[in-house]
Amino acid sequence: MAAHPVRNRAGRGGDAPRGKGRGMVFSWLIVGYLFLAGTGAGAFAVAAGACVWDACRPTAASAAVVRAVQPGLALAPVLVIVSALLLLADLGSLDAAFRVLFQPPRTVMAAGAWLVAALAACGAAVAAMGAMPRLAWAPVAWALTLAGLVAALGVMAYSGLLLSDAVAVDFWRTPWLTALFVASSLSCGTALVVGAGLLAAPPGMANQAREDAVSALWRLGGVLACVELAVLAVFLVTRGLSTESARASCQLLLAGPLSIPFWGGVVGAGIVAPLALHGAVRGRGAGRAAAMAASACGVLVGGAALRLCVVAGAVMAPLALTAVTI
């Protein structure tokens, strides 16, 4: 008799995951896709959110923040488009991409691909209107911004849903993974906006005013780092108290082959070092801009390492037998 195990529905076209045991379910292209899409979505959410805040409650400080976020707002759709290209490369052909987008069954990856496309379109349009205000028509600008914010939230959340759809990986099957990716995406997006605001000065904006405006977003990044740390801890504790395969995944991150990228990248560079810089820098100072730049780089490194650790840390659960043939 030959037994046929359950097939993992998260892979391309519903194929079984590549490899066994600790083998990567998704390729490094999908890791890059998840990171860039999440970071671009987070950057758009933070930058567009600052613009909406200024439109609703305008002050001199909020107006300065809006000017400072424009480079990040322009960069966000670029990252989203690059992430879509990585997804296309992983699928292997335009025909495969067409099947994912248009043919049933409707999958989580298909929904995510549509959200990425919507975010790229809305983000590019909003960034163009920000760069050329004379082209902006208020009703259209509001509609595109709100639609982009909805798409950004969907992109940030869907990456966790994509992984949790893998029936054979207990490590991913928890809503805390979605919460973790949302927190990380907002943190990485804020870091991107801070870094872009420091490197690309808006025309006519004094350096000190720009640094003060970016500093407000940097403080938001400190709060988000604390939130991400808390969610990460809850995610690991709940997984450690779950099934044997989920505990094995936690072991890989905490004390196994993935411990260096986890402790050094996710925790060290992505959370601890930025929070230490927040504690060390008080008010204005000669080193504030350098600290903000270093913190932003660390957060982005940690965000990339998080996706790598979560994807590479998958341990397959025993698969149920669904059919027996003679």
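Analyst: Let us start with serine 187, which counts as buried because its relative accessibility is 3%, where buried means under 20% relative accessible area, exposed over 50% and partly exposed in between, with a 1.4 Å probe and protein chains only. Please keep in mind that this is a predicted model, in which local features need pLDDT of at least 70 and side-chain atom pairs count only at pLDDT 80 or more, while totals for chains, interfaces and linings use all residues. Residues are numbered from 1 along each chain as its sequence is written, and side-chain values use heavy atoms, with hydrogens and water left out.

User: Where does serine 187 lie, and what does it touch?

Analyst: Serine 187 lies in helix H7, where helices are DSSP runs of H or I with at least four residues, strands are runs of E with at least two, and both are numbered from the N terminus. Not counting residues up to four places away in sequence, serine 187 touches Leu224, Ala225, Glu228 and Val299, contact being heavy atoms within 4.5 Å.

User: And serine 184, buried or exposed?

Analyst: Serine 184 has 0% relative accessibility and therefore counts as buried. Serine 184 is also found in helix H7, and, leaving aside neighbours within four places in sequence, it is in contact with Glu228, Gly303, Leu306 and Arg307.

User: How do H7 and H8 cross?

Analyst: The axes of H7 (residues 175-199) and H8 (residues 207-240) come within 8 Å and cross at roughly 160 degrees; axes here are lines fitted to C-alpha atoms, for helices over the stretch in contact, and angles run from 0 to 180 degrees between N-to-C directions. H7 and H8 are therefore roughly antiparallel to each other, given that angles over 145 degrees count as roughly antiparallel, under 35 as roughly parallel, 65 to 115 as roughly perpendicular and the rest as oblique. The residues of this contact divide into 21 nonpolar, six polar and two charged, with Ala, Val, Leu, Ile, Met, Phe, Trp, Tyr, Cys and Pro counted as nonpolar, Asp, Glu, Lys and Arg as charged, and the others, Gly among them, as polar.

User: What about H6 against H7?

Analyst: H6 (residues 138-164) packs on H7 at an angle of about 145 degrees, with the axes 7 Å apart. Residues of H6 that include Met156, Gly160 and Leu163 meet residues of H7, among them Leu177, Phe181 and Leu186. By class, the contact of H6 with H7 has eight nonpolar, four polar and no charged residues.

User: Changing topic, which residues have the most contacts inside the largest nonpolar core?

Analyst: They are Tyr33, Trp172 and Leu232, in a core of 92 residues; such a core is a set of buried Ala, Val, Leu, Ile, Met, Phe, Trp, Tyr and Cys residues joined through side-chain atoms within 4.5 Å. Helix H1 (residues 28-56) gives the largest share of this core, 16 residues. Leaving aside neighbours within four places in sequence, leucine 232 is in contact with Leu180, Phe262, Val266, Val267, Ile271 and Leu306.

User: How does H1 pack with H5?

Analyst: H1 and H5 (residues 108-131) pack at about 40 degrees with their axes 11 Å apart, which makes H1 oblique to H5.

User: And the whole protein, how many helices and strands?

Analyst: There are eleven helices and two strands, and buried residues make up 50% of the 326 residues.
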